[in-house]
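Work through the following exercises with the sequence and the model side by side. Try each task before reading its solution.

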Amino acid sequence: MLKTIGERLFGGSCFLCRGKADALLCGPCDADLPRISSGPDAERCPRCALASPAGALCGRCATHPPAYDATVAALAYRFPADVMVQAFKFRSELALAPFFGELLAQRAAASPRVDFLVPVPLSAARLRERGFNQALEIARAVAAATRTRLAPELCERTSDTRAQFDLPMDERAKNVRGAFRASGFLEGARIAIIDDVMTTGSTVGEIAATLKRAGAAFVANWVLARTPAPA
């Protein structure tokens, strides 16, 4: 499937190096993607997806459990994954969305099934400014690949908060507190929140708490890329 996407959308040249390729990426560039499913990157805390020896629950999650129950990430947020995500998000390279969705769907294949996929919502102002919701575009491909119901209507953003990347790490949780509202019948529901990059986990944590207050029984994060632990 990834090969077909690359051939159709990028005309036989690698998205990263522009060399000849029969998929989105040539073989060497694809091999350079920091996939979390293998190698040293695979040892991750099952709850927050930060590096953790032997894949054990990390001390932070054990001491201060987040509202979400698990995190699945397809890539570590470093070169060349960061270059691709930034091109998608800030240069509107929407043709990358199916590729990202396929990567995330493959990574989530071994995870417990969920009832709904809920992309992190943008405010109306941010959506007008950017023209698209990157989490929703990825979620469309994940929904198709996993045959899981895409349900953006289950969570909406109720306030136009500042962009998280503009804020110091210790202010991000405060910035999104109370910024979301759940709707619909969620009693006992199992939900995966979809996002492009997870940094501190403040946004997905607030959404997970909101969904659980509305009755959700299990909330996981399915994210394309995970940053390292904040310094």
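**Exercise 1.** Find which residues of the largest nonpolar core touch the most other members.

*Solution.* Begin with the term: a nonpolar core is a set of buried Ala, Val, Leu, Ile, Met, Phe, Trp, Tyr and Cys residues joined through side-chain atoms within 4.5 Å, where buried means under 20% relative accessible area, exposed over 50% and partly exposed in between, with a 1.4 Å probe and protein chains only. The largest such core has 39 residues, and L25, M84, F100 and W222 touch the most other members. Among the elements that each supply at least two residues of this core are β1 (70-76), α4 (81-90), α5 (97-108), β6 (190-198) and β7 (218-226), and α5 gives the most, with six residues. Helices (H or I, at least four residues) and strands (E, at least two) are DSSP runs numbered from the N terminus. This is a predicted model, in which local features need pLDDT of at least 70 and side-chain atom pairs count only at pLDDT 80 or more, while totals for chains, interfaces and linings use all residues. Residues are numbered from 1 along each chain as its sequence is written, and side-chain values use heavy atoms, with hydrogens and water left out.

**Exercise 2.** List the residues that F100 touches, not counting residues up to four places away in sequence.

*Solution.* Contact means heavy atoms within 4.5 Å. With those sequence neighbours set aside, F100 touches M84, V85, F88, I138 and L224.

**Exercise 3.** Work out the strand order of the open sheet, and name its edge strands.

*Solution.* Two strands pair if DSSP finds at least two bridges between them. The five strands follow the order β1-β7-β6-β2-β3, with parallel pairing. The edge strands are β1 and β3 (149-150), each of which pairs on one side only. Although β1 is an edge strand, seven of its seven residues are buried.
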